[in-house]
Structures are given as structure tokens and as C-alpha cells.
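User: Hi there! Could you walk me through this model, question by question?

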Amino acid sequence: MADHKNQQQAYPLAPANGSTRSNEETPNSDTTKDELKRKKRIRLAIYIAIFAVFQAIVIGVFGAVIMRAKNPNFRINNIDPITLNKANNNDGVSSFDMKFNAQVRIQNSNFGPYKFDNTTLVFTYGGGAAVGRVNIPKGKVGLQSKKKIKLEVNLSSSNLVNTSIANNLNRDLTAGALTFRCTAALTGKVELMFIMKKKKSTNLDCTIVVDVNQTQLRF
């Protein structure tokens, strides 16, 4: 009997419901939760960083492409038809009167409308003597578009009072070609996103050669 009691005392009963094992596993469980929270915070920080980089790229592209104002393109073309009257006066000085239709093109490549001021096309001959002027009224060109303006041009040698220029006119009419220079300055503002306006200007400067025998021209 004594031996039997000693055996019972040597092996005490295990705690009910495994409470000892549960207490031993609690620190590991808390560590796992902390690790998960840390990983979630890391992922969130990565997502925020990616979003910030993406926003910076979008803003950079927007500022470089959309919000960058460029100068408009200003050209004269489609000159036709040409009416030319030339004469030789009694004093040996030649003269001419010329009329033709032309088209001015203003091209706006900005992401906003371009409002331009009125300007004047000046046609000169013989190194700077004005032989004709044409006014272009102020207007507006839509975003990413172009505006065409039809003009009627009248050129005359009546303003040529310089003797050397008159002599050049005699020579050029005899040779069969008159050379003119057409210049103009266009100023205005580009309106971006309806909140920002930037001043932009451009110049037109071209040479026109008229064949007086066939009333043809080339630029």
C-alpha cells in the first residue's frame, strides 16, 4: 500500500485544459501579431512612396508639356492671283502697281487659346522702302488649332523717292523680277487652364520674288 501511495505522489496530475501550455505560447503569439503589424506598416509606407513618385511624374509631365507656353507659328502663303501694271515715265523712271490676294496663317500649338493683338504686314522694296501695308485685326486662335486670314494686298512704287532705289527698279523691271520683303510682328497671350496667361510673340519675315513677265512669284 505504501508503495502504491508513493507512486501516486510521484506523478502529480497535469493542470486542467492545458493552461500551462497556453501560458507558454502567449509570448510567441504576441510576437507574431507585432510582426504582422510591422509588415503592414512597411507595405503602407511603400504604397505611399510609390504614389508620391507617381504624382511627381504626373506633375512634372503636366508642367513640361501642358503648362509650357510656346510661340505661335506665323506665315503668309497662297498668294494668287497677281495683277501687275508697269510703266516707263517720260523722265526714264519706271513704276509699278500690283494687287494680289494672300492668306496669313497663325498656328497655335499650345494647350490653351492664343489671343493676339492687331498688327501690320509691311512690304518693302530696295532695301527698306515701304511699298505697301496691310492691317491684320486682333483675334483669337483656339488651343491646338490654326487660324487663316484672307488679305487683299496693294503694292505701289509711288512712295519710292530715293534716286538709287528708282534706278534699281529700272534695272529689276528690265531683268524681269521684283524682289519684296514682307515683315510683321505678332504679339499676344496664351491662356493656360483658364487661370494663367503668358505673353508670347513671333515675327514674320519672308522674301517674295515676282516674275513681272509672267506675273508669277516664289518665296
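This is a predicted model: local features need pLDDT of at least 70, side-chain atom pairs count only at pLDDT 80 or more; totals for chains, interfaces and linings use all residues.

Here follow some questions and answers on the fold, the ring pairs, the charges, the surface and the backbone.

User: Thanks! How many helices and strands does the chain have?

Analyst: Helices (H or I, at least four residues) and strands (E, at least two) are taken as DSSP runs and numbered from the N terminus. Read from the N terminus, the order is α-α-β-β-β-β-β-β-β-β-α-β-β-β. The count for the chain is three helices and eleven strands.

User: What share of the residues is buried?

Analyst: Buried means under 20% relative accessible area, exposed means over 50%, and partly exposed is in between, using a 1.4 Å probe and protein chains only. The chain has 219 residues, and the buried share of them is 30%.

User: Which parts does the pair of Phe 100 and Phe 123 tie together?

Analyst: Rings of Phe, Tyr and Trp (its six-membered ring) pair if their centres lie within 6.5 Å; planes under 30 degrees apart are stacked, over 60 edge-to-face, and the rest tilted. The structure holds five aromatic pairs, and one of them joins Phe 100 and Phe 123 edge-to-face, at 6.1 Å centre to centre with 80° between the planes. Phe 100 is buried at 4% relative accessibility, and Phe 123 is buried at 0%. The two parts are 23 residues apart in sequence, since Phe 100 lies in strand S3 (residues 94-108) and Phe 123 in strand S5 (residues 119-125).

User: Is the pair of Tyr 125 and Phe 180 stacked or tilted?

Analyst: Tyr 125 and Phe 180 are both buried. Their ring centres are 5.9 Å apart and their planes are at 50°, so the pair is tilted.

User: Where do Tyr 125 and Phe 180 lie, and which residues make up the cluster of ring pairs?

Analyst: Tyr 125 lies in strand S5 and Phe 180 in strand S9 (residues 177-192), so this pair ties together parts 55 residues apart in sequence. The cluster linked by ring pairs consists of Phe 96, Tyr 125 and Phe 180.

User: On to charges: how far apart are the closest N and O atoms of Glu 35 and Arg 38?

Analyst: A salt bridge here is a side-chain nitrogen of Lys or Arg within 4 Å of a carboxyl oxygen of Asp or Glu, and the structure holds three. Glu 35 and Arg 38 are three residues apart in helix H2, which separates them by about one helical turn. Glu 35 is partly exposed at 32% relative accessible area, as is Arg 38 at 39%. Their closest N and O atoms are 2.7 Å apart.

User: Which residue forms a salt bridge with Arg 171?

Analyst: Arg 171 counts as exposed, at 51% relative accessibility. Its partner is buried, with a relative accessible area of 16%, and the closest N and O atoms are 3.4 Å apart. That partner is Asp 172.

User: Which strands hold Asp 205 and Arg 181?

Analyst: The side chains of Asp 205 and Arg 181 meet in a salt bridge at 2.6 Å, N to O. Asp 205 is partly exposed at 48%, and Arg 181 is partly exposed at 43%. The pair ties together parts 24 residues apart in sequence, because Asp 205 lies in strand S10 (residues 196-211) and Arg 181 in strand S9.

User: How much accessible area does the nonpolar patch have?

Analyst: Patches are made of residues with over 30% relative accessible area and no salt bridge, with nonpolar side chains (Val, Leu, Ile, Met, Phe, Trp, Tyr) joined within 5 Å and like charges within 9 Å. Areas come from the Shrake-Rupley method with a 1.4 Å probe, and for residues only the protein chains shown count as cover. Tyr 47, in helix H2, is exposed at 54%. Together, Ile 42, Ile 46, Tyr 47 and Ile 50 have about 410 Å².

User: And where is Gln 144, with its positive phi?

Analyst: Most residues other than glycine have a negative phi. Gln 144 is not a glycine, yet its phi is about 50°, and this residue is partly exposed at 45%. Its place is the loop between strand S7 (139-141) and strand S8 (145-156).

Terms used:
Residues are numbered from 1 along each chain as its sequence is written. Side-chain values use heavy atoms; hydrogens and water are left out.
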